[in-house]
Amino acid sequence: MDIEFSLALPRDAVGIPMVRRVLGDALRSLGVAENCVADILLAASEACANAVRHGGPANRYQVLAAIGEGRCDVRIIDRGLGLPALPENYPPADMENGRGILIMQAVVDEISFDIQPGRGTTVHLRKRLSWDDEAAARRDLALAAV
């Protein structure tokens, strides 16, 4: 089963829980294992937080998600100034910020950036899905009943 959706959100932290809820519910409804769901939601939350923090001067950002063929693809698109460079190492322990990209890299299979200075950044997250066998069996039973 394929699911695709798009959300246009204000550049405000209030939208991040909405992304987590919609994306998480979609993944769980397909029977994706909870540890896989958690990784995808963590990465998406970090990318959304970066769009909220750095996506100006635009007042909105967009989340596009596609779930199918055993993987999840999420794109977070902002219209900010773009990243000057990607970090190579974690910042010092006393720094409050700067770990988001490295966290995303740790929990997804692939991450890419389309950075257009002055025009915005697209973060593309990809993860192969692992399945909760019990939830997938319940889903298959429900589909057979329809």
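## Ground rules

Because the model is predicted, local features need pLDDT of at least 70 and side-chain atom pairs count only at pLDDT 80 or more, while totals for chains, interfaces and linings use all residues. Residues are numbered from 1 along each chain as its sequence is written, and side-chain values use heavy atoms, with hydrogens and water left out.

## The overall layout

Let's start with the big picture. The chain has 4 helices and 5 strands. Here helices (H or I, at least four residues) and strands (E, at least two) are DSSP runs, numbered from the N terminus. Follow the sequence along and you get the pattern β-α-α-β-β-α-β-β-α.

How much of the chain is buried? Of its 146 residues, 40% count as buried. The cut-offs go like this: buried is under 20% relative accessible area, exposed is over 50%, and partly exposed is in between (1.4 Å probe, protein chains only). Now for contacts, meaning heavy atoms within 4.5 Å. Take the contacts in the chain with a separation of 6 or more: 65% of them are between residues 24 or more positions apart.

## The nonpolar core

A nonpolar core is a set of buried Ala, Val, Leu, Ile, Met, Phe, Trp, Tyr and Cys residues joined through side-chain atoms within 4.5 Å. The largest one in this model has 35 residues, and Leu23, Tyr61 and Leu125 have the most contacts inside it. At least two residues of this core come from each of β1 (3-10), α1 (16-29), α2, β2 (60-68), β3, α3 and β5. Helix α2 supplies the largest share, 10 residues.

## A pocket and a cavity

Lining residues have an atom within 4 Å of a point. Grid points are joined across faces, edges and corners, and a volume is the space filled by probe spheres set on the points.

The second largest pocket has a volume of about 160 Å³. It is lined by 14 residues, and the closest to its centre are Asn50, His54, Asp78, Leu83 and Thr121. The elements α2 (34-54), β3 (71-78), α3 (100-107) and β5 (120-128) each give at least two residues to this lining, with α2 giving the most, 4 residues. Sorted by class, the lining has 9 nonpolar, 4 polar and 1 charged residues. For these classes, Ala, Val, Leu, Ile, Met, Phe, Trp, Tyr, Cys and Pro are nonpolar, Asp, Glu, Lys and Arg are charged, and the others, Gly among them, are polar.

How many cavities of 30 Å³ or more turn up in a search of the whole structure? The search finds 1. The largest cavity has a volume of about 30 Å³, and its lining is made of Ile40, Ala43, Cys72, Val74, Val108, Leu125, Arg126 and Lys127. Two or more of these residues come from each of α2, β3 and β5. Strand β5 gives the most, 3 residues. By class, this lining has 6 nonpolar, no polar and 2 charged residues.

## Cysteines

A disulfide is a covalent bond between the sulfur atoms of two cysteines. Counting a pair of cysteine sulfur atoms within 2.5 Å as a disulfide, the total here is 0. Cys72 is in no disulfide, and the nearest cysteine sulfur, that of Cys36, is 7.8 Å away. Cys72 is buried, with a relative accessible area of 2%, and Cys48 is buried too, at 0%.

## Residues to look up

Leu64 lies in strand β2 and is partly exposed, at 29% relative accessible area. Leu64 and Ser6 are 58 residues apart in sequence, yet 4.4 Å apart in space, C-alpha to C-alpha. Thr121, in strand β5, is buried at 7%. Leaving out residues up to four places away in sequence, Thr121 touches Ile76, Ile77, Asp78, Gly82, Leu83, Asp114 and Ile115.

Two loops are worth a look as well. In the loop between α2 and β2 you'll find Pro57, which is joined to Gly56 by a cis peptide bond with omega about 15 degrees. Glu69 is in the loop between β2 and β3. Its phi is near 55 degrees, a positive value in a residue other than glycine, and Glu69 is exposed, with a relative accessible area of 80%.

Methods
1 Å grid on protein atoms, 1.4 Å probe; cavity = no way out; pocket = protein on both sides within 12 Å on 5 of 7 lines; lining within 4 Å.
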